[in-house]
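Subject: Handover of a structure and notes on it

Dear colleague,

I am passing the structure below on to you, together with my notes on what was found in it. Please read the notes with the sequence and the coordinates open beside them.

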Amino acid sequence: MPFFKEAKTRAALSALLTALVGLLFILFPGVSAKLVVYTFAALIALIGAVMLLRHFTAHLLSFFPAQLFGGLALLGAALVLFLKAEAAASLLPAILGALILISGVVKLAHAFSLKRSGGGGFLPLLIMGILGIAFGVLMLANPFAVVKTAMVLIGAGLLYSGLSDLAAVFFLAKRMKDTVQ
């Protein structure tokens, strides 16, 4: 049971973070896209720096220094993202639209799993999955349209996805708890 509680907590936190990011995208669409790119660039720069640090502090001799090459590649990618944030930001609608579409498909799969197990909560999860798929497809249909409008749509999709993920976590957790007891 501790594993399921931890998984539920992590899923709930992830859903809340997704909803919060969606809300920020709705409130600040112009800044959001570049901020996401800069945050991602900083994250991969940090990972690259850690990889380089591990390479240079390792006491093992290596004929293929993967950490060296990986660290340099990540630092290079971070530099490109910092320098070309505007171009990278224009790809965000397509990437996030695909992620929301995938989230909707996963919810649909969970809904059918609930249906097969005879548990309640099938219909709300089914509706959430269909709406998630619709949001994702809508965002993928024309991802390079006006970025501010796309960021508001992405924000709405992320907010919806986060809140529906949170609802799904509680539906599934309740069903699992009922099944165990």
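This is a predicted model: local features need pLDDT of at least 70, side-chain atom pairs count only at pLDDT 80 or more; totals for chains, interfaces and linings use all residues.

Residues are numbered from 1 along each chain as its sequence is written, and side-chain values use heavy atoms, with hydrogens and water left out.

Helix H4

Helices here are DSSP runs of H or I with at least four residues, and strands are runs of E with at least two, numbered from the N terminus. Helix H4 covers residues 85-117, and its 33 residues should span 48 Å at 1.5 Å a residue, which agrees with the 47 Å between its end C-alpha atoms; the expected span is 1.5 Å times one less than the number of residues. Within H4 there is a bend of about 35° at Leu91, with a proline, Pro93, following within four residues, where the bend is the angle between axes fitted to the seven residues ending at a position and the seven starting there. After H4 comes Gly118, which has a positive phi near 80°.

Nonpolar cores

A nonpolar core is taken as a set of buried Ala, Val, Leu, Ile, Met, Phe, Trp, Tyr and Cys residues joined through side-chain atoms within 4.5 Å, with buried meaning under 20% relative accessible area, exposed over 50%, and partly exposed in between (1.4 Å probe, protein chains only). The largest such core has 18 residues, of which Phe25, Val37, Leu81, Leu96, Ile154 and Leu158 touch the most other members. At least two residues of this core come from each of helix H2 (29-57), helix H3 (66-83), H4 and helix H6 (147-180), and H4 gives the most, with 6 residues. Apart from this core lies another, of 9 residues, among them Ala111, Leu126, Met128 and Tyr160.

Single residues

Contact means heavy atoms within 4.5 Å, and the contacts listed here leave out residues up to four places away in sequence. Ile154 touches Phe25, Leu92, Pro93, Leu96, Ile100 and Met139. Leu92, which is placed in H4, counts as buried at 9% relative accessibility, and touches Ala33, Val36, Val37, Gly97 and Ile154. Leu92 and Lys34 are 58 residues apart in sequence, yet their C-alpha atoms are 9.4 Å apart in space. Leu96, also found in H4, is buried with a relative accessible area of 14%, and touches Phe25, Met139, Ile154 and Leu158.

The largest pocket

What volume does the largest pocket have? The value is about 610 Å³, where a pocket is an open set of points on a 1 Å grid over the protein atoms alone, where a 1.4 Å probe fits, with protein on both sides within 12 Å along at least five of seven lines, and lining residues have an atom within 4 Å of a point. Grid points are joined across faces, edges and corners, and the volume is the space filled by probe spheres set on the points. Of the 23 lining residues, Val21, Phe25, Val36, Leu96 and Leu158 are the closest to the centre of this pocket. Helix H1 (2-27), H2, H4 and H6 are the elements that give two or more residues to the lining, and H2 gives the most, with 7 residues.

With kind regards
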